[in-house]
Amino acid sequence: QVFETEELSRAIVVATTAGLFYWSADLVVQSLTGYWTTSGKLEMQPSSIARVYFRGWFGVDLMILFLDVATFLVVDLSLGGSNFDAGAAKTSTSSLRM
């Protein structure tokens, strides 16, 4: 074998966690990043920026983030050998609701 199974599973968990952090930060940063209008003006008004982002790339970014979270919950927790308890996960995600 080229890689030890434990080392490979640890690398997968690290890579998926890094992706999860990246796409989470991307959602915030993109909703605050200005853009150039068709008339050549730099738009920096937060409400306009958010409106353009939500009509554009927000859906794609959200889908990628959702898939990363799903991958982390399904694959990475089982690879890490953690004693994943679905009931505990449901309770912790329920507490995140606003």
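These legends describe close-up views of a predicted model. Residues are numbered from 1 along each chain as its sequence is written, and side-chain values use heavy atoms, with hydrogens and water left out. Because the model is predicted, local features need pLDDT of at least 70 and side-chain atom pairs count only at pLDDT 80 or more, while totals for chains, interfaces and linings use all residues.

**View 1**
Read along the sequence, the pattern is α-β-β-α-α-α. Helices (H or I, at least four residues) and strands (E, at least two) are DSSP runs, numbered from the N terminus. Of the 98 residues in the chain, 18% are buried. Buried means under 20% relative accessible area, exposed means over 50%, and partly exposed lies in between (1.4 Å probe, protein chains only). The chain exposes about 7,600 Å², and carbon and sulfur atoms supply 67% of that area. Accessible areas come from the Shrake-Rupley method with a 1.4 Å probe; for residues, only the protein chains shown count as cover. Among contacts with a separation of 6 or more, 55% join residues 24 or more positions apart. A contact means heavy atoms within 4.5 Å.

**View 2. Helix α1 covers residues 5-30.**
At 1.5 Å a residue, the 26 residues of α1 should span 38 Å. The end C-alpha atoms of α1 are 37 Å apart, which agrees. The expected span is 1.5 Å times one less than the number of residues in the helix. The buried residues in α1 are S9, T16, G19, L20, D26 and L27.

**View 3. S9 and S24 are two positions in helix α1.**
S9 is buried, at 12% relative accessibility. Its C-alpha atom is separated by 9.4 Å from that of S78, 69 residues apart along the chain. S24 is partly exposed, at 30% relative accessibility. The C-alpha atoms of S24 and I64 are separated by 9.6 Å, with the two residues 40 residues apart along the chain.

**View 4. Y53, F54 and F58 form one aromatic cluster.**
A pair of aromatic rings is described by the distance of the centres and the angle of the planes. Rings of Phe, Tyr and Trp (its six-membered ring) pair if their centres lie within 6.5 Å; planes under 30 degrees apart count as stacked, over 60 as edge-to-face and the rest as tilted. By this rule the model has 4 aromatic pairs. One of them joins Y53 and F54: the ring centres are 6.0 Å apart and the planes stand at 40°, so the pair is tilted. For Y53 and F58, the centres are 5.7 Å apart and the planes stand at 80°, so this pair is edge-to-face. Y53 is buried, with a relative accessible area of 7%. F54 is partly exposed at 48%. F58 is also partly exposed, at 25%.

**View 5. L8, I12, V69, L73, V74 and V75 make a nonpolar surface patch.**
The patch has an area of about 440 Å². Patches are made of residues with over 30% relative accessible area and no salt bridge; like charges are joined within 9 Å, and nonpolar side chains (Val, Leu, Ile, Met, Phe, Trp, Tyr) within 5 Å. Helices α1 and α3 (58-79) are the elements that give two or more residues to the patch. The largest share, 4 residues, comes from α3. L8 is found in helix α1. L8 is partly exposed, with a relative accessible area of 42%.

**View 6. K41 forms a salt bridge with E43.**
Side chains of opposite charge can pair when their charged atoms come close. A salt bridge is a side-chain nitrogen of Lys or Arg within 4 Å of a carboxyl oxygen of Asp or Glu. By this rule the count is 1 salt bridge. The closest N and O atoms of K41 and E43 are 4.0 Å apart. E43 is buried, at 11% relative accessibility.
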